[in-house]
Amino acid sequence: MVPDPHPLHEVNENQCQVCMPLGGVMALKGIADSMVLVHGSQGCSTYMRLSMVEHFNEPVDIASSSLNEKQTIYGGEENFRKGLDNIIRVYRPKVIGVVTTCLTETMGEDTGRMIGTYLADRSLHGIDIIPISTPSYSGTQSEGFWTAVRDLIVYYTTTVSPHEGVNIIVAQISPADTREIKRIARLMGVMITLVPDISMTLDRPYGILYEKIPPGGTRREDIAGMGGAKATIQFGYCCPDPLSPGKYLEEEYGVPLYNIPLPTGLMNMDRFIRALVSITKKPVPQSIMLERGWLCDAMADAHKCLAEIRPAVYGDPELVYAVSSLCVENGAIPALVATGTTSSRFSREILSLTQDGERQPEILEQADFSGIGATAAQKGVNLAIGHSGGKVLTERHGIPLVRAGYPVHDRLGGQRILTLGYTGTLSLLDTISNTYLEEKYRTYRQLRRTEFYDRGGVIHAET
Ligand code: SF4
């Protein structure tokens with residue numbers, strides 16, 4: 001462990017989260033034929049565009065109402081209307097999500113009324129414009145994401161006849177993880193409505209015709225039918241009830257809710273499979289049992305080195321919970337668990353993972369990386385798991401980092417990081433083990449030499 005040469009933990013530095021409307025944009029990008037208007041200044045949408053392009057390595061179009069000083073004083077409705085006109089002319093979307101920003105929320109812009117007036121003045125057919133309130137000073141990308149998913153479901157879902165489909169509402173996961181959930185559902189023979197579906201929209205294969213709005217995403221017709229599904233499986237274990245889309249479907253349409261953790265780790269993935277079996281009464285196919293068997297084999301292989309790891313896990317609450325659970329079931333009890341947001345459920349669920357009072361992790365909410373770094377140094381953390389924001393842990397403290405979650409902007413392939421399912425868990429487990437082993441053997445001789453001299457060892461010259 002390298003001591004912190006910049007003891008800056010008393011100031012707020014390097015936030016652990018990204019901003020609330022960005023979470024809303026992420027959810028909207030998983031809806032078919034959709035575009036986003038960020039109602040605020042240019043800087044907000046530029047930041048979101050840059051952040052998403054760096055992570056997904058894809059062109060990401062986000063429109064802005066582009067408010068400046070004048071509109072800040074006199075109101076942004078004119079720009080807002082121009083923005084909508086331009087989006088409709090250039091992109092011809094079926095869905096426009098309007099996310100607000102710190103600026104427009106502070107100004108008190110009533111986007112619901114502004115959309116109503118706009119629609120009354122234009123004769124638009126087949127275009128839905130949905131307001132989503134995302135004041136970044138009251139939440140992080142996690143709250144923005146759940147707010148947007150819930151608002152979309154509230155907007156579209158109607159009373160329909162019961163059907164055999166199952167709703168799957170995912171947290172912020174990668175396109176590769178989204179494809180994995182769809183693959184598992186296909187193997188199980190379950191018809192699903194998956195919201196949001198970024199498997200294609202934020203990871204377009206090379207060679208398909210370029211379109212301004214990428215193909216794929218959840219169709220609004222499918223969201224409309226979610227009220228008739230047999231059940232909802234929601235990977236929103238730490239999501240507060242008022243933001244929970246699955247809770248809304250349960251209360252308004254009587255759709256039973258299975259609110260479970262992201263299926264990273266053996267226990268969590270078993271829980272997902274058990275939920276699918278319990279809802280559909282279908283047997284688990286042999287191919288899935290084989291994948292489970294390979295994961296169990298990998299866990300047996302890895303347990304010796306994993307017991308030496310004192311990890312710090314940080315980022316979006318859902319990912320942090322699932323990865324912490326994976327660490328615990330493999331004997332790598334986290335020394336530190338941190339998230340940029342705050343939620344009573346998060347701390348409670350993390351603490352419930354470990355029964356051993358001696359080794360319970362330090363939990364930081366509303367964390368930044370100066371606090372995470374200082375606590376990691378104090379707790380003897382020897383590996384970190386989370387997004388690229390944690391690179392300062394390597395730079396300042398020499399802690400190796402396994403990149404997972406959002407954003408990963410200093411490596412390629414953020415969109416392809418697979419952490420879900422038995423297969424994704426196995427891949428993550430190997431990466432964690434090998435990152436630790438690489439660091440261990442890189443520093444092994446130096447450590448032994450230091451220990452030798454610390455004990456007063458002397459090397460005698462040969463006679
Ligand atoms: S001003 Fe607010 S909404 Fe805009 S980028 Fe910053 S945190 Fe996000």
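Reader: How far apart are the mean positions of the positive and negative charges?
Author: In this predicted model, the mean positions of the 43 positive and 52 negative charges are 4 Å apart. Lys and Arg count as positive, Asp and Glu as negative, while His and the chain ends are not counted; each charge is placed at NZ of Lys, CZ of Arg, CG of Asp or CD of Glu.

Reader: Which cut-offs apply to the model?
Author: Local features need pLDDT of at least 70 and side-chain atom pairs count only at pLDDT 80 or more, whereas totals for chains, interfaces and linings use all residues. Residues are numbered from 1 along each chain as its sequence is written, and side-chain values use heavy atoms, with hydrogens and water left out.

Reader: Changing topic, which residues of helix α6 are buried?
Author: In α6, residues 111-121, they are T111, M114, I115 and Y118. Buried means under 20% relative accessible area, with a 1.4 Å probe and protein chains only. They cover an arc of only 100° around the axis, which puts them on the same side of α6; the arc is that of the directions from the helix axis to the C-beta atoms.

Reader: And what covers them?
Author: The cover includes β1 (34-39), α4 (77-91), β3 (95-100) and β4 (128-132). Helices (H or I, at least four residues) and strands (E, at least two) are DSSP runs, numbered from the N terminus.

Reader: How many helices and strands are there in the protein?
Author: There are 17 helices and 13 strands.

Reader: What share of the residues is buried overall?
Author: Of the 463 residues, 55% count as buried.

Terms used
Buried means under 20% relative accessible area, exposed over 50%, partly exposed in between (1.4 Å probe, protein chains only). Contact means heavy atoms within 4.5 Å.
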